[in-house]
Amino acid sequence: MAGLAWGRKYLMCPPHHFGVLYEINPWMHAEVAVEHDLASRQWTDLVATLRLAGAEVVTMDPQPEVPDLVFTANAGIVNGDQFVPSHFRHPERQGETEIDAAWFAELGFRVERLPAELDHEGAGDALPFTPESGQTVLVSGYSFRSDAAAIPELGRLLGCPIKAVQLVDPRLYHLDLTFCPLDERRAICAPTGWDSYGRTVIEALVPEPLWLEEDEALSFCANSVVVGTTVVMPTTPVRVGRQLEAWGFTVVESPVDEFLKAGGGCRCLTLSLDTVLTP
Amino acid sequence: MATETVTLSGHIVDSLLLAKVLDTIVDAGVTYELVQVDIGRTNTDASTARIKVDGDQQVLDRLIDELQLHGANRVSPGTTTLVAADTEGVLPAGFYSTTNLDTDVLVDDQWLSVENPEMDCAIVITDDTARTVPMHRVRIGDRIVVGSGGVRVHAPETLRGASVFEFMSSEVSSEKPKALIVHKVADRIRAAREAGLKVLAVCGPAVVHTGGAPDIARLVEAGWINVLFAGNGFATHDIESNVLGTSLGVSLAEGTPTEGGHSNHLRVINEIRRHGSIAAAVEAGYVRDGAMAACVRNGVPFVLGGSIRDDGPLPDVITDTAAAADAMRAHVPGVGVALMLASTLHAIAVGNCLPAGVETFCVDINQAVVTKLADRGSHQALGIVTDVGPFLGHLADELGA
């Protein structure tokens, strides 16, 4: 099996300044201290695991004023040589936009922007699924962090169809906590995070979904990084691991507990740089 | 009742966003209309839907907040542009041309309802009121709405007591049971009177030729007709038939031409001109009966509009057509039902002055007349294809006139 076509090159940001300094999702508690050494070790381990799985990892410089820059999945959306930077809902993260835009511009990406008044938190709320028909569809979550109205604008900029799915569980506030494409037939799906229309949309799109129970979803196992046929997970519920292995995937656990304190897992710490949405 | 329009775009069909938005609207107990739906041809094309919602303003405000979550946004009404007229009787270029539908204009963040809805006019704003103005009545300095920004038009509501309309389904047909139709029209006239609204009759000369004028008189006397519009012909033949017993020289009793009858109407017009007005001739006892005499005796206002074909004309006929139209306009507010009786061009002229909310029944032996009225924009007109004389007799009987 070939596994996922994209996801061989990632952008990450070292957690030098990472900490839970504010609370913008139900997982964040400012009184909970982050163990910096442990966080750094977990991050370095994740980089090593991804490289071992065959992925290239590039990094950007951390910035003290924006601790969540470490969650590069929210930098924006990559489509070939095009980059659409995120517009963050919370003021605490809005400073990241220009840092991300500048980084991508320097690397020669075409930076194209959403209208200023619309929020969209990048690959954290939008992941591509390419079914056997070959037409890549971007699945975009909305409600907690991204505006539904941003989605058609995003579609215009990217030139690919986008299916909008409403997120309904504040604990699963980004799409990438509920949806993880595995290959052209399969994806890890957390239906409790979606409204009934969203479930119907995903059912129609993904022929063989791996449906997560609520407790499995809350373990952030959908927030995994897929490199070919290797699935790098923060923790692996037994049933989920067995199913993935039965399908022929290699499951590698890479604990990121310190980052879970901020509501982020493995996927949140990475941004795929080789995503191509349009042929 | 308020109306708002929202638009939704993107992959709204595949994402079930359209379904979700419509479900949300229905759950809010609000009615909607899909004004426009453009479905993308391929699965990469975006689709767009414009959805009009009708309901209580507070409910709509809450609903629209909820719809915004799903990316459906209120269509901006735009800004109203007002331009002062700089020439008497001339509108600023690009003026907003009205329909006969209820219309609102956004002025200083407030929706003003446009008074006297009438098609093919402009909208003039004075202080905090908006009203229609026909071109020839615009004065220097009048602030006229230019462009369509800030203007919203309400779709015609389902008319009061839709039964008769459902029954006729706005089709013009000669094959509907006439007795039933007469009964339904009588119901609408009664309903208008109960609602304190006026009934307008627009009469063509064929009303007299077919023997319907005495029934008009009965309806006027019993208070079922409250204002009458006609031309020189109807009034002349009505008077001729009462003074000389002929209509256009044909005996109404015998149905045969009378000797020298072709000039009867001229002699009658001549005598009325001698009296100075129809009212004076009625008072002098020259005209004793008929529709016009009934109007005079019962204080029912009438407007006689002139045409280039008129003989005489009668002294009451307003030969300046713009002035005649203005005289008719003065009687339009408060009209609830209009009966267009065997009158082609006059009916169209009156139809142009009526708001779309006026229930209009067009009675003519010729199907084309009704179609023509609707084609000129009076979509609220319902056609009854029948001989007007017997129709009026039945209607007067039905109303107990």
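## A paired strand in chain B

Asp364(B) stands opposite Val385(B) in strand S20(B). The two residues belong to a parallel pair, in which strand S19 (residues 359-364) of chain B is joined to S20(B) by five bridges. Strands are said to pair if DSSP finds at least two bridges between them. Helices (H or I, at least four residues) and strands (E, at least two) are themselves DSSP runs, numbered from the N terminus.

Strand S20 (residues 381-385) of chain B has five of its five residues buried, so it is largely enclosed by the rest of the structure. A residue is buried if 20 or more other C-beta atoms lie within 10 Å of its own, exposed if 12 or fewer, and partly exposed in between, with C-beta atoms placed from the backbone. In a regular strand the side chains alternate between the two faces of the sheet. Here Ala381(B), Gly383(B) and Val385(B) point one way from S20(B), while Leu382(B) and Ile384(B) point the other way.

## The model and its two chains

This is a predicted model, in which local features need pLDDT of at least 70 and side-chain atom pairs count only at pLDDT 80 or more, whereas totals for chains, interfaces and linings use all residues. Residues are numbered from 1 along each chain as its sequence is written, and chains are lettered from A and ligands numbered from 1 in the order in which they are written.

Chain A has eight helices and 15 strands, and 53% of its 279 residues are buried. Chain B has 14 helices and 20 strands, and 43% of its 401 residues are buried. Two residues are in contact if their C-beta atoms, placed from the backbone, lie within 7 Å. Of the contacts between residues at least 6 apart in sequence, 68% in chain A join residues at least 24 apart; the corresponding share in chain B is 64%.

## Where the chains meet

The contact between the chains takes 15 residues from chain A and 16 residues from chain B. On the side of chain A that touches chain B, helix H4 (150-158), strand S8 (162-166) and helix H5 (196-205) each give two or more residues. This side of chain A has 10 nonpolar, four polar and one charged residues. Ala, Val, Leu, Ile, Met, Phe, Trp, Tyr, Cys and Pro count as nonpolar, Asp, Glu, Lys and Arg as charged, and the others, Gly among them, as polar.

## A sheet and a helix in chain A

In chain A, three strands form an open sheet of mixed pairing in the order S12-S13-S14. Strand S12 (225-227) and strand S14 (250-253) of chain A stand at the edges with a single partner strand each, so one side of each is left without a neighbour in the sheet. Strand S13 (residues 230-233) of chain A runs parallel to S14(A) and is joined to it by four bridges. Within this pair, Val232(A) stands opposite Val252(A).

Helix H3 (residues 96-106) of chain A has Glu96(A), Asp100(A), Ala101(A), Trp103(A) and Phe104(A) buried. These residues cover an arc of only 160° around the axis, which puts them on the same side of H3(A); the arc is that of the directions from the helix axis to the C-beta atoms. Their cover includes strand S3 (76-79), strand S4 (82-85), helix H2 (91-94) and strand S5 (110-111) of chain A. The face turned away from the buried side of H3(A) carries the exposed residues Glu98(A) and Glu106(A).

## Crossing helices in chain B

The axes of helix H7 (residues 232-243) and helix H10 (residues 291-298) of chain B come within 7 Å and cross at roughly 100°. H7(B) and H10(B) are therefore roughly perpendicular to each other, a term that covers angles of 65 to 115 degrees. Axes are lines fitted to C-alpha atoms, for helices over the stretch in contact, and angles run from 0 to 180 degrees between N-to-C directions.

## Backbone exceptions in chain B

Most residues other than glycine have a negative phi, and most peptide bonds are trans. Asp109(B), which is not a glycine, has a positive phi of about 65°. Asp109(B) lies in the loop between strand S6 (103-107) and strand S7 (110-115) of chain B, and is exposed, with 5 other C-beta atoms within 10 Å. Ala342(B) also has a positive phi, near 45°, but counts as buried, with 29 C-beta neighbours inside 10 Å. A cis peptide bond, with omega about -10°, joins Gly312(B) and Pro313(B).

Notes. Angles under 35 degrees count as roughly parallel, over 145 as roughly antiparallel, 65 to 115 as roughly perpendicular and the rest as oblique.
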